[in-house]
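Colleague: I would like to learn how to read strands, sheets and salt bridges in a model. Could we go through them one at a time?

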Amino acid sequence: MDDKSLEMLEFPRIREILAGFTSFSASRELATTLKPKHDYEQISLWLKQTAEARELLGLDKSFSVGGVLDIRETVKMAALESVLEPQSLLDIQQTLAALHQLRRYLSGLSDDFPLLWDIAGGIAELRQIEKDIGSCLDPAGEVMDTASPALANIRQQLRETRGQILERLETFIRSPKGRQILQEDIITEREGRYVVLVKIESRHEIKGIVHDISNTGATVFVEPTVTVGLGNALRELMIEERREIERILGILSAEVGAHSDDISRSIELAAELDLVLAKARYARRIKAVEPVIVNTDTDRKGAGKSNTYFLKLVEARHPLLGEKAVPFSVEIGRDFSILVITGPNTGGKTVTLKTVGLLSLMAQAGMPIPASEESHLPLFDGVFADIGDEQSIEQTLSSFSWHIGNVVRVIRGATGKSLVLLDELGTSTDPAEGSALARAVLRNFLSRRTLTIATTHYSDLKAFAHTTAGLENASLEFDPATLTPTYHLTVGVPGGSNAMATASRLGVPPEIINDARSMLSEGSKELETLLTNLMAEKQKAASLNSDLTLEKDKLTRQNAELEKERQRLESEERKSIQEARDRIVREAAELHREIRQAAAELRKEKSAARMEQARHALTGVREQLASDFWQSKAGETPESDTGTINIGDTVWLKEAGLTATVLSILEESREVEVQAGRTKMRLGLDSVTKTTASPDTTAPPTRSRPAVQTVPLELDLRGKRADEVEVALDGYLSDAAQSNIEEARIIHGIGTGTVRQIVRDFLASHPLVKSFRSGERGEGGDGATIVKL
């Protein structure tokens with residue numbers, strides 16, 4: 001990438017801000033030296049890593065690389081056999097612990113964040129070094145007694161020797177002679193030796209070594225002879241202690257040096273990971289997303305036949321302007337490769353150029369951009385810019401010369417895969433010559449199909465862009481009512497410079513503005529008026545479109561709410577119907593149970609009292625079944641004939657859901673005797689309905705000989721509903737009894753035990769059942785019941 005263009009587009013400022021989001025010096029260095037790449041695979045990987053980091057920080061805002069320090073130089077010294085200071089070893093221990101924690105944390109999230117784990121997975125686990133340093137050094141950096149047996153022994157001797165010295169000196173201080181010759185009754189040190197403070201006039205009254213004299217000359221620091229030997233021994237022990245400490249530090253340093261490459265590589269990986277996290281944090285701050293990168297190496301080959309090579313920014317914002325940034329959308333590369341932007345002074349043309357260039361550089365540096373996710377950016381081999389004015393008197397460099405020097409640099413460096421940004425092309429010279437030069441430069445880039453954005457105030461360039469294929473006009477809007485720029489970009493319409501309005505807004509006296517207007521040609525005035533009116537009409541159309549969009553959104557929301565309410569009502573209706581059906585089934589089951597009990601009582605007890613009791617029970621049940629609640633809705637029963645029921649008619653049994661043939665009619669009791677298959681039963685007239693039977697459901701005449709029926713030795717009730725079990729079981733027992741079956745197996749399964757209980761309750765009161773029992777091991781166990789008839 002062109003370094004001068006990076007500076008013009010303020011990319012170094014982006015790097016400084018990014019460095020502020022890093023956690024330690026190694027990653028900060030990576031941020032400050034970050035440069036855009038021209039490697040599609042690398043850029044794509046960077047952006048995917050940043051996307052994972054943004055997601056991770058969304059789940060754990062406090063996540064970071066922890067207490068990692070850049071200890072690479074220290075480790076390098078250890079590799080060169082230097083003995084490290086205790087504090088340096090503590091820094092290494094802290095860093096290794098932080099690296100281990102970082103690796104362990106991301107290891108647990110490797111399935112959700114595989115790209116971050118790819119980085120952290122390369123961190124070396126050096127727990128032994130961390131453990132060895134921790135066992136030798138305390139948090140203050142002091143070598144502990146436990147670092148080695150020899151050091152523990154030396155320090156024990158040191159304590160004993162010091163104790164002996166202090167004991168002898170204290171004895172001397174308390175002695176009569178000591179009280180006489182000593183200046184103070186204290187013990188102190190001079191040059192590592194224990195001494196007492198002797199009066200200057202009494203210095204010859206004590207044998208010993210003079211180590212110092214006070215500044216006043218009144219006190220002599222004397223080591224008495226009685227402790228000299230012990231003092232010498234103490235000094236020797238201190239030397240041994242220092243040597244042992246150096247030996248221990250040397251061993252720890254050598255251990256670190258032996259793994260210098262692993263440690264340095266782990267620091268680099270931690271820095272790489274921290275840079276990714278810094279990009280994610282910065283992206284969250286400026287509300288940035290990862291754009292789609294178009295690989296120009298593959299897509300540009302078909303650029304003449306397709307439109308896959310293009311730049312599209314949607315709701316783009318300059319990252320350095322913060323909340324003041326006005327978003328804009330622009331697309332270039334499909335129908336045209338050069339965009340000429342015009343508009344008022346201070347209207348945002350230069351900011352637009354810088355935003356396009358800066359976002360392109362950020363994307364190719366693997367950074368999310370403040371724009372919509374719909375944004376697409378080609379993979380540029382270079383971003384070239386001529387923005388600003390750096391004239392120099394010392395270098396005899398005028399504004400025009402400076403601009404032309406930049407244009408030459410851009411022309412020489414740009415290719416068909418580059419992005420070119422030219423601010424005020426052809427300015428700072430004669431307008432006619434500058435305009436001609438600007439058109440020639442744009443033609444040069446058009447012939448290369450180089451994506452180019454240029455700003456200008458020249459009307460000739462506006463006309464050139466309008467009439468030349470491959471070029472397009474764009475403008476920064478100007479509010480004709482307030483005479484101020486709106487900073488909104490409009491593609492397809494050239495804009496006016498509005499120099500007079502801008503000058504007036506900035507404080508130029510009205511008389512000068514009016515004088516200047518009078519000097520304008522009629523054509524210029526008409527062009528400015530036309531552009532102003534065109535902008536006003538565009539704003540009206542935009543306002544109308546906005547109103548229509550709002551109305552459409554409102555109707556869409558209303559339709560969604562109505563649809564939601566309709567679905568809710570349908571759901572409630574289905575729920576109510578289901579609840580009603582469930583309630584009816586429960587009540588019907590209860591009524592059927594009462595019917596069976598009454599029928600069983602009639603079959604078992606023939607006494608008048610029992611018969612009367614059963615008759616009352618049946619009458620109560622019939623009354624319930626005859627109530628309005630139990631009347632079938634239209635369309636739920638077979639087609640019936642409401643005429644009188646006669647012998648031989650086919651009727652529908654409401655309770656059993658079967659067709660049967662009428663055998664006899666009992667008018668007094670209002671009952672009817674019917675036959676369904678082989679079963680005969682007596683029912684109330686209200687429980688049957690006359691119907692037209694189909695051939696396959698019509699019972700044979702009673703005088704016909706029934707067909708031989710084969711009845712199986714078992715009945716499988718698994719999968720049947722509770723209200724189906726008793727009907728099927730009753731029919732089976734009747735058929736089995738007529739077929740002279742003495743023992744049968746009823747299979748009901750285990751499950752919750754509901755079907756089993758229904759079966760056994762029914763068998764307990766059935767007149768055809770002699771006894772029953774649970775199945776044995778070879779008969780199905782508790783999932784079957786064996787019945788004797």
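Modeller: We take a hairpin, then a sheet, then some salt bridges.
This is a predicted model, in which local features need pLDDT of at least 70 and side-chain atom pairs count only at pLDDT 80 or more, while totals for chains, interfaces and linings use all residues. Residues are numbered from 1 along each chain as its sequence is written, and side-chain values use heavy atoms, with hydrogens and water left out.

Colleague: How many bridges join strand β1 to strand β2?

Modeller: Strands of a sheet pair through backbone hydrogen bonds, either parallel or antiparallel. Helices (H or I, at least four residues) and strands (E, at least two) are DSSP runs, numbered from the N terminus, and two strands pair if DSSP finds at least two bridges between them. Here β1 (residues 182-190) and β2 (residues 193-199) run antiparallel and are joined by six bridges. I187 has V196 in β2 as its bridge partner. The two strands form a hairpin with two residues between them, and E191 in the turn has a positive phi of about 55°.

Colleague: In what order do the four strands of the open sheet stand?

Modeller: The order is β20-β21-β23-β22, with mixed pairing. β20 (714-716) and β22 (771-774) are at the edges with a single partner strand each, so one side of each has no neighbour in the sheet. Within the sheet, β21 (residues 743-747) and β23 (residues 784-788) run antiparallel, joined by five bridges. A744 is opposite V787 in β23.

Colleague: Which residue forms a salt bridge with D3?

Modeller: Side chains of opposite charge can pair when their charged atoms come close. The cut-off for a salt bridge is a side-chain nitrogen of Lys or Arg within 4 Å of a carboxyl oxygen of Asp or Glu. The structure holds 30 salt bridges. D3 pairs with K35, with the closest N and O atoms 3.4 Å apart. D3 is in helix α1 (residues 3-8) and K35 in the loop between α3 (25-32) and α4 (40-59), so the pair ties together parts 32 residues apart in sequence.

Colleague: Where do R568 and E565 lie?

Modeller: Both are in helix α20 (residues 522-604), three residues apart, about one turn of the helix. Buried means under 20% relative accessible area, exposed over 50%, and partly exposed in between (1.4 Å probe, protein chains only). R568, at 36%, is partly exposed, and E565, at 34%, is partly exposed too.
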